[in-house]
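Reader: I would like to go through this structure residue by residue. Can we take it in short steps?

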Amino acid sequence: MSENSRSSMHGQWSSRWVFVLAATGSAVGLGNIWKFPYIAGENGGGAFVLVYLLCIAVIGLPVMIAEVMVGRRGRQSPVNTMKVLSKEEGRSRLWPLLGWSGVLAGFLILSYYSVIAGWALNYVIEMASGTFNSSSAGEVKTVFEDLLSDPLKLTIWHTLFIVATMVVVARGVRGGLEKAVMLLMPALFVLLIILLGYAMNSGAFMQGLAFLFTPDFSALTGKGVLIAMGHAFFTLSLGMGAIMVYGSYMRKEDSIARTSIMIVIADTVVALIAGMAIFPIVFANGLEPGAGPGLVFQTLPLAFGQMTGGLFFGTLFFILLLFAAWSSSISLIEPAVTWLVENRNMKRRTASIVCGVATWALGMGTVLSFNLWAEVKLFDMTFFELLDFLTANIMLPLSGLFIALFAGWAMSRESKLHEMATRHLFAFNGWNFLLKYVTPLAVTVVFLQSIGLLEQLIEKLS
Ligand code: PHE
């Protein structure tokens, strides 16, 4: 089949905007609002944020464009896309492994992502029932700690969230994915702006900004740099085939570069606004920026508990956060589901159930890691911490590196030019250069320095 006539058996987005919305829905999620603030807090703020932004520009954007391009050219699940394209380009038959590592990463990430989304679900109920009305920082913290220490509650929320995800996935691209994101993303954005307004008047706005945007490199460790890079992949949904599979539903006539830039900007702006809303509240209330995964859940309820209309806005906020997580989780499991449909001849519904049950079961490990298994550690990390570290900081960057190598080196210039269908040769060459040299080098350097290898090498050479 020539690449011109290839079409996806799973359907196609009905317009360019739907692709942008769906991919933004995938990118914007817990990563932006829950994870970014707390890892920035744990890693000292400004310098970490700077490295993260650099990684977004130098690594994230080129890889995003590459993933969409590869996906649209292959028009199948990431595994089969890699199979078809590597054959077409006359390359090694090992490339499909890249699709597999994505399937695995998505599955692992969803297992804990769902547990955290479950927290948001719990907070919708707490907010709506007025738990946080004029609460003190201590009271808000207790509510969070009580939640984590209750495996049954966590399990119920985790189960509900997995079921909700699988229901949408089972209905497929046109029926499910499209509709879920149209309205909710803009609404979330508006709520974040309201929170930002509150933070501006919290009395510590400048302190919050200074923490986020004044780089203090003495606060940044080698591991912090790795986490910043890993987060660039995580937050943009790169390195696991989510964007690739969404790209495979993209219409031929839409511009890959332009849409990718929009998605990257939207995702980054949301994360930065979330940070700017949260840290002033942290400082105004004498809270700890390095509080860890509970940071958002211990700061925002405090703000909502104090503002007029807080009950309404707070409930709405957590509902929207939940939807943002929902539209991300769908894309986490889509590569696995499409593969089962293509290769195991399963119905979409069956494939969704199979994936749902498996992720649910693995997710129980994360549920327990916050209570009964809190002391069970490997490499000094709990089950949740280990999964998070392994996926976000190792698997995604590593796969992302190989995607860059595939698009940069293994694909011919003709195929790329054909798929990108661009008249802007200068921009095309710039992107190609980044993919071939800069991205792989940057990822490798971050990996090496984080394990201290680079330092040893430099020492040896000097
Ligand atoms: N980008 C999502 C977020 O920031 C998480 C995600 C990672 C989704 C990888 C899909 C693939 O929350």
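Author: One definition comes before the rest: helices are DSSP runs of H or I with at least four residues, numbered from the N terminus. In that numbering, Ser328 lies in helix H14. The model is predicted.

Reader: Is Ser328 buried or exposed?
Author: The cut-off for buried is under 20% relative accessible area. Ser328 has a relative accessible area of 3%, so Ser328 is buried.

Reader: Which side chain makes a polar contact with the side chain of Ser328?
Author: Leaving out residues up to four places away in sequence, Ser328 touches Gly25, Ser26, Val28, Gly29 and Tyr113. A polar contact of 3.3 Å joins the side chain of Ser328 to that of Tyr113.

Reader: Ser331 also interests me. What is the distance of the polar contact between the side chains of Ser331 and Ser26?
Author: Ser331 lies in helix H14. Ser331 is buried, because its relative accessible area is 2%. Beyond its neighbours within four places in sequence, Ser331 is in contact with Ser26, Met240, Ala242 and Tyr246. The polar contact between the side chains of Ser331 and Ser26 has a distance of 2.8 Å.

Reader: How many Å separate the C-alpha atoms of Ser331 and Gly25?
Author: Along the chain, Ser331 and Gly25 are 306 residues apart.

Reader: Now the ligand. Which residues are closest to the ligand?
Author: The ligand is surrounded by 15 residues. The closest are Ala27, Gly31, Tyr113, Phe234 and Ser237.

Reader: Which residue has a side-chain N or O atom 3.0 Å from a nitrogen atom of the ligand?
Author: A backbone N or O atom of Leu30 lies 3.1 Å from an oxygen atom of the ligand. A polar backbone atom of Phe234 is 2.8 Å from a ligand nitrogen atom. The side-chain atom that lies 3.0 Å from a ligand nitrogen atom belongs to Ser237.

Reader: What percentage of the ligand's accessible area does the protein cover?
Author: On its own, the ligand has 320 Å² of accessible area.

Reader: Where does the ligand sit, and which elements give two or more residues to the shell around it?
Author: The ligand sits in the largest cavity. The elements that give two or more residues to its shell are helix H1 (16-27), helix H2 (30-42), helix H10 (222-235) and H14.

Reader: Next, helix H4. Which helices do the buried residues of H4 pack against?
Author: Helix H4 spans residues 78-88, and its buried residues are Pro78, Val79, Asn80, Thr81, Met82, Leu85 and Ser86. They pack against helix H3 (46-74), helix H5 (96-128), helix H11 (242-247), helix H14 (310-343) and helix H16 (383-410).

Reader: Which residue with a positive phi follows H4?
Author: The phi in question is near 65°. The residue that follows H4 is Gly90.

Reader: Arg75 and Asn345 are not glycines. What is the phi of each?
Author: Arg75 lies in the loop between H3 and H4, and Asn345 in the loop between H14 and helix H15 (348-369). Arg75 is buried because its relative accessible area is 6%. Asn345 is exposed because its relative accessible area is 72%. The phi of Arg75 is positive, about 60°, and the phi of Asn345 is positive, about 60°.

Reader: Which side chain makes a polar contact with the side chain of Glu419?
Author: Glu419 is found in helix H17 (residues 413-420), and counts as buried because its relative accessibility is 1%. Leaving aside neighbours within four places in sequence, Glu419 is in contact with Met69, Arg72, Arg73, Lys252 and Ile256. The polar contact, at 3.2 Å, is with the side chain of Lys252.

Reader: Last, Ala199. How many Å apart are Ala199 and Asn429, C-alpha to C-alpha?
Author: Ala199 lies in helix H8 (residues 184-200), and is buried because its relative accessible area is 0%. Apart from residues up to four places away in sequence, Ala199 touches Phe205, Met276, Ala277 and Pro280. Ala199 and Asn429 are 230 residues apart in sequence. Their C-alpha distance in space is 43 Å.

How values were computed
Residues numbered from 1 in each chain as written. Predicted model: local features only at pLDDT ≥ 70, side-chain atom pairs only at ≥ 80, totals over all residues. Heavy atoms only, no water. Buried < 20%, exposed > 50% of the residue type's maximum accessible area, 1.4 Å probe, protein only. Contact = heavy atoms within 4.5 Å. Near = heavy atom within 4 Å. Polar contact = N/O pair within 3.5 Å; in protein donor to acceptor, adjacent residues only side chain to side chain. Areas by Shrake-Rupley, 256 points an atom, 1.4 Å probe, with all protein chains shown as cover. 1 Å grid on protein atoms, 1.4 Å probe; cavity = no way out; pocket = protein on both sides within 12 Å on 5 of 7 lines; lining within 4 Å. Sits in = over half its atoms within 2 Å of the grid points.
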